[in-house]
Amino acid sequence: MSVSAGLSATADADVLVAGGGVIGTAIAWRAAVAGLRAVVVDPERGNAASLVAAGMLAPVSESFFGEEALLRLNLLAVRRFPAFAAELEEAAGQVTGLRREGTLAVAYDPDDHAALKRLTVFRRDAGLGAEELDGRACRALEPFLAPGVHGGVLFPGDWSVDNRRYAAALRRAAHLAGVRTVRDSVAEVLAAAGRVTGVRLAGGGTAAAAAVVIAAGSWSGGIAGLPGGLDGVVRPVKGQLLRLRVPAGMPPVLSRTVRALVRGTDVYVVPRADGEMIVGATSEERGHDQTVTAGAVHDLLRDAQSVLPVTSELILAETCAGLRPGTPDNGPVVGPAGPEGPDGLLLATGHYRNGILMSAVTADAVAAHLTGRPAAAEWDPFRPQRFLPASGRTAPPGPHEASGQVGVRPR
Ligand SMILES: Cc1cc2nc3c(=O)[nH]c(=O)nc-3n(C[C@H](O)[C@H](O)[C@H](O)COP(=O)(O)OP(=O)(O)OC[C@H]3O[C@@H](n4cnc5c(N)ncnc54)[C@H](O)[C@@H]3O)c2cc1C
């Protein structure tokens, strides 16, 4: 399906994107760069997962054994990200905070070290670099690590981006490329004669468009008019995290992301260039609840402090909770809505733990669909059709359908 093939001269837009998180905004920007008239509709409630996330670009640390197709997609995503970010910074005139110092994964005790070694084997099998270090070598890289840290592994290919700066740069670039924004919610996708005609807005009225992309993160299923089966595919998975600040006069605490296994629990600390440090995260199945709980703040601080005792001297600047858009197989849902959906309806949602990482390749894939070009082959297993009733994959998921988790408490 390409938009130009079904373009209506009366439509307000060639493509209307429902959702202005990093996924929707990246798609709108790339569509506009490809010459399409793009509109983003978002209620701008300020609770997008894209603004909460830690911004790790970690293709494997978050993987589960048995998720090879997802791993291939994540590897494509991490390879693509630097060029996409460079083009974005140029277009927006703003930095994204991309950092390529790698990630140091450390183990708190011998059991944690054994789990970390399994992850290292998995990474090497995927062709990725992993350098094993003893406790002393870990502290030589990151002097603030606790003396008791048992050992670790340096993953040079796991990077990070400042997701808030990145989201702001995407919005700026989209605006400069001519993308229009509408502050409202999409209530329903409208179609006639088997083809999308636009959307009905929650605030009243309609907007006409030749193509509609559903990119509303964990709220995607609340939009009416999706083909049967696709409305129940995305579920919210709550994640709480903390933003700490290094006090004035104190030197930077970390020069790269540190992930730690602490008595079987995974905690990460992601440093930003401006002295902010992100500590995360919980993983909870609580519907659309976005409250911050005292227990989560306590547990995250306790685990971070076990490996970085200096944590207690840092400023607790912000606590927040976001909703990862999860799916039954932990993979994203990207592409035309399939044989049961109207022509011109696409989905770009369900990015779960890796939406920042996958935003660039998702925008590439959707722009390809919109302009009649093929998307990268890595996307083939992640088409929406896999969740239509005939495929038998629409049952509500357990927390993690894939077995053999590498880490212990996933982001
Ligand atoms: C604690 C936490 C840590 C994370 N860490 C990382 C990480 O380190 N690396 C990584 O790659 N990913 C991470 N993620 C995952 C990542 O944040 C998400 O996968 C990604 O942000 C999803 O982007 P999105 O644009 O699809 O959704 P969102 O960012 O949630 O945006 C959805 C948008 O849709 C809008 N919307 C809702 N309903 C409607 C409607 N009816 N009509 C129009 N618009 C609507 C909302 O207002 C919102 O702006 C993390 C997530 C969490 C919660």
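Here are some friendly questions and answers about this predicted model.

Residues are numbered from 1 along each chain as its sequence is written. In this predicted model, local features need pLDDT of at least 70 and side-chain atom pairs count only at pLDDT 80 or more, while totals for chains, interfaces and linings use all residues.

Q: Which domains is the chain divided into?
A: Let's start with the overall layout. The bounds come from an automatic or database domain assignment. The chain is divided into domain 1 (3–51 + 165–234 + 328–391) and domain 2 (99–159 + 236–324).

Q: Where does the ligand lie relative to domain 1 and domain 2?
A: A residue is near a molecule if its C-beta atom, placed from the backbone, lies within 6 Å of it. Around the ligand there are 44 residues, with Gly 21 and Gly 217 among the closest. Both domain 1 and domain 2 give residues to this shell, so the ligand lies between them.

Q: Is Thr 282 buried or exposed?
A: A residue is buried if 20 or more other C-beta atoms, placed from the backbone, lie within 10 Å of its own, exposed if 12 or fewer, and partly exposed in between. Thr 282 has 21 C-beta neighbours inside 10 Å, so this residue counts as buried.

Q: How far apart in space are Thr 282 and Gly 102?
A: In sequence, Thr 282 and Gly 102 are 180 residues apart. In space, their C-alpha to C-alpha distance is 23 Å.
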